[in-house]
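Subject: Structure handover

Dear colleague,

Please find the structure below, followed by notes on what was found in it.

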Amino acid sequence: MSNLEGGQGGGYGSYNPYGQEQQPNPYGNQGYGQNPYNQAGATEAGNGTYEMGSYGQQQPADPTTLLNKCREINEGIADIRAKREGQLAAAQNGMLDSSNVKEDQVARQTLDYIEDEINNGFRYLRDLMKKIKGTPGSGDSRVQTQIDVASRNLRREIEQYQKTQSEFQKRLREQVRRRYEIANPEATPEELDAGVENVLLGQEQMFQVSGSRTGQANDARKAALERSAAIRKIEQDMTELGRLYQEVAELVHQQEPAIEQINHDAEGVADNVGQANTQISHAIDSARRARKWKWYALLIVILIIAIVVGVAVGVTQANKSS
């Protein structure tokens, strides 16, 4: 199984390569096996288990707690960057500069150990980001902003690591070619190209040194095989890192529908408020017009009454006169 896959279930503390006991590095006396992540996570509570275990109950989390977890991601990224620029660079130089079989083996195993630590670190931070994103309360605008920042920082560090590994891989390929040429000095350019590709594909049986070859040729063969194994591991890790990079990027994109829905709802509320205000204005105008017509009607009634009374009084006076 790939170093970057598996073990993604459970809560925050279910997979923590920094809190659990790691496989000892027999080459730790060179300074490569130290793991600064054993000191990480001031908010953790023993055995790599986070205090945020109540998330399984789907209770909204305090935004401050989620913001602290985002900060933990950024701190983890800084630790990985320091390991890449320090221990990884030293291990790569050790591999490139090794001059005999024993040094080759020690250098490659040390390199594998550090690469696995970095790969596990990326996976852990990816899983932590997923947990934060899936926690009720992560929709808070402050949390979303910090998730976005952490995602960009994590993707940037993955890109830097991939660039570092790609450059190292090219230098290893050059060394494989030189070693193969030393072990097979009579090979034609076409045979050299084909032989190197076969070695890089792991087909060791294609790399045979004839009985007349010297010890130097045998050492060159073994050195080429060690480097080709390192190259294949890098290629595998790069593929898995590409998938991890995409997953981290999608975590940010997943926020967009929710944000768009919030914006849509806000616009709908604004439209409804505007329509309500318009309707209220129409109602007020209608009420004002209704009151005005009531006064007009009252005046007309008074005038009619006055006319009727006047006519009646006039008729009465006329009858008295006659």
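Is Ile-302 buried, partly exposed or exposed? With a relative accessibility of 46%, Ile-302 is partly exposed (buried is under 20% relative accessible area, exposed over 50%, partly exposed in between, with a 1.4 Å probe and protein chains only).

This is a predicted model, in which local features need pLDDT of at least 70 and side-chain atom pairs pLDDT 80 or more, while totals for chains, interfaces and linings use all residues. Residues are numbered from 1 along each chain as its sequence is written, and side-chain values use heavy atoms, without hydrogens and water.

Ile-302 lies in helix 6 (residues 255-321); helices are DSSP runs of H or I, at least four residues, numbered from the N terminus. Together with Trp-295, Leu-298 and Leu-299, Ile-302 forms a nonpolar surface patch of about 440 Å² accessible area. Such patches take residues with over 30% relative accessible area and no salt bridge, nonpolar side chains being joined within 5 Å; areas are Shrake-Rupley values with a 1.4 Å probe.

There are 20 salt bridges, each a side-chain nitrogen of Lys or Arg within 4 Å of a carboxyl oxygen of Asp or Glu. Asp-127 and Arg-126 form one at 2.6 Å, N to O; Asp-127 is buried at 9%, and Arg-126 is buried at 1%. Another joins Lys-130 to Glu-247 at 3.5 Å. This pair connects helix 2 (residues 101-133) with helix 5 across 117 residues. Lys-130 is partly exposed at 31%, as is Glu-247 at 23%.

Regards

Technical notes:
Patches are made of residues with over 30% relative accessible area and no salt bridge: like charges are joined within 9 Å, nonpolar side chains (Val, Leu, Ile, Met, Phe, Trp, Tyr) within 5 Å. Helices (H or I, at least four residues) and strands (E, at least two) are DSSP runs, numbered from the N terminus.
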